[in-house]
Amino acid sequence: MSRAGQQGSEPPGACTFDSPNPNAASQGFENFRREWESKFGGTFRLPHFSQGTVSNFRVVSRGVKLDDVVIVDVHGFTRTEGTPQGIENQVRMYVVRRGTYGLRSSCGRKGSAVSSGRFHLQHFGSPPRFETAPRTTVKIVLLPASMFKPLLRNKIIVGSMDTAEMRILLAHSEMIRANIANLGPFGVQAAKNTLTELARAVVLGRLDDTETRFAPALAEAAKNLANRLLNDPELSVAMLARELNVSVRTLQRSFASSGDSISSYIRNRRLEGARLELAKPHAQLSISEIAARWQFADSSHFIRSFRKRYSQTPSEYARSNNFPIGQGGEIRPEG
């Protein structure tokens, strides 16, 4: 159980859910079922699992509920079996980070596989069957059917999780999970409203970049993308804006509340990468090589920036960690 759940500090309309890592398969499923039904079962029912599928249940999951929206991160192997019975009225988004998530209609005739790096968004009128590949990691977002069924009609929306709308939605969902214990009732409602608007943007294939409520999620998505591209010489404010399908001005405004600029964020993250490089016990790179690796114009620029941030030159920092600069400017461990 999460800390928020233990302390009973979850705000009205919100709850969190962590399933334990199973020691035994049957125990693992029972723990999962008990936690799910106590937290989410009143709004979102579990799919049908047979005895055979329960015996192979290997799942660790974490979920957050905001009124009638649920976000669940699932890692492991699981599958349903047989023909699920009943009527369902759910809109689900599956975002696969690793592995494969197989979906099949309740009659078993129609199916699709959501592969790593892809998403699948659909309204389900009857319970689907599914099966994941081993070590699959998937984020499942359950959305209000009353809002999304008329928007989707009979369409199935599929695509890359690297689209601008998905990058921002995923960044926002991670922010919700990280901050759920600190949200009050109005914060819960605001987080839910932003998530549903971002899901609408995924369905429509466009983002309203004038919408101010997206600013924190947009800034977080830009940081996530920048962190992946720190060693890329093409990384810039303009590149991030292009990848997130917003104007440079909109992206810059999204950072305003943090009191930092995008350029400063990129520079500071690169300096941190260089600092960690300097602290490696067996580093053999010269100052100029480290400067080039972290995309500084030259070693002089790197040294000035490093000293301004850490109050030491790179050589002084390396020596303070017992990795002095040897002849030729290389960083060598003593001895």
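**Figure 1. Contact of helix H4 with helix H6 in the predicted model.** From H4, the residues Met147, Phe148, Leu151 and Leu152 meet Thr196, Ala199, Arg200, Val203 and Leu204 of H6. Sorted by class, seven residues of this contact are nonpolar, one is polar and one is charged. H4 spans residues 145–152, and its axis lies 11 Å from that of H6, at an angle of about 10°. An angle under 35 degrees counts as roughly parallel, so H4 is roughly parallel to H6. The crossing in which H4 passes H6 is right-handed.

**Figure 2. Packing of helix H5 against helix H6.** H5 covers residues 164–179 and H6 covers residues 185–204. Their axes are 9 Å apart and form an angle of about 160°. Angles over 145 degrees count as roughly antiparallel, and H5 and H6 are therefore roughly antiparallel to each other. H5 passes H6 in a left-handed crossing. On the H5 side, the contact is made by Glu165, Met166, Ile168, Leu169, His172 and Ile176. On the H6 side, Ala191, Thr194, Leu195, Leu198, Ala199, Ala201 and Val202 take part. Ten residues of the contact of H5 with H6 are nonpolar, two are polar and one is charged. Ala199 of H6 is in contact with H5 and also meets H4.

**Figure 3. Crossing of helix H10 and helix H12.** H10 (residues 262–278) and H12 (residues 299–310) have axes that come within 11 Å and cross at roughly 95°. Since angles of 65 to 115 degrees count as roughly perpendicular, H10 and H12 are roughly perpendicular to each other. H10 contributes Asn268, Leu271, Glu272, Ala274, Arg275 and Leu278 to the contact. H12 contributes Phe302, Ser305, Phe306, Arg309 and Tyr310. The contact of H10 with H12 holds six nonpolar, two polar and three charged residues.

**Figure 4. The largest cavity and its lining.** In a search of the whole structure, one cavity of 30 Å³ or more is found. The volume of the largest cavity is about 270 Å³. Its lining is made up of 20 residues. Of these, Trp36, Pro47, Tyr101, Phe130 and Ile140 lie nearest the centre of the cavity. Two or more lining residues come from each of helix H2 (25–39), strand S3 (69–77), strand S4 (90–98), strand S8 (129–132) and strand S9 (136–143). By class, 15 residues of the lining are nonpolar, three are polar and two are charged.

**Figure 5. The second largest pocket and its lining.** The space in the second largest pocket is about 220 Å³. The pocket is lined by Arg97, Met161, Asp162, Arg167, Leu170, Ala171, Glu174, Ala221, Asn224, Leu225 and Arg228. H5 and helix H7 (215–228) are the elements that give two or more residues to this lining. The lining of the second largest pocket divides into five nonpolar, one polar and five charged residues.

Definitions and conventions: Residues numbered from 1 in each chain as written. Predicted model: local features only at pLDDT ≥ 70, side-chain atom pairs only at ≥ 80, totals over all residues. Heavy atoms only, no water. Axes fitted to C-alpha atoms, helices over the stretch in contact; angles between N-to-C directions. Helix = DSSP H or I, 4+ residues; strand = E, 2+ residues; numbered from the N terminus. Left-handed = near helix turned anticlockwise from the far one by under 90°. Contact = heavy atoms within 4.5 Å. Nonpolar A, V, L, I, M, F, W, Y, C, P; charged D, E, K, R; others polar. 1 Å grid on protein atoms, 1.4 Å probe; cavity = no way out; pocket = protein on both sides within 12 Å on 5 of 7 lines; lining within 4 Å. Points joined across faces, edges and corners; volume = space filled by probe spheres on them.
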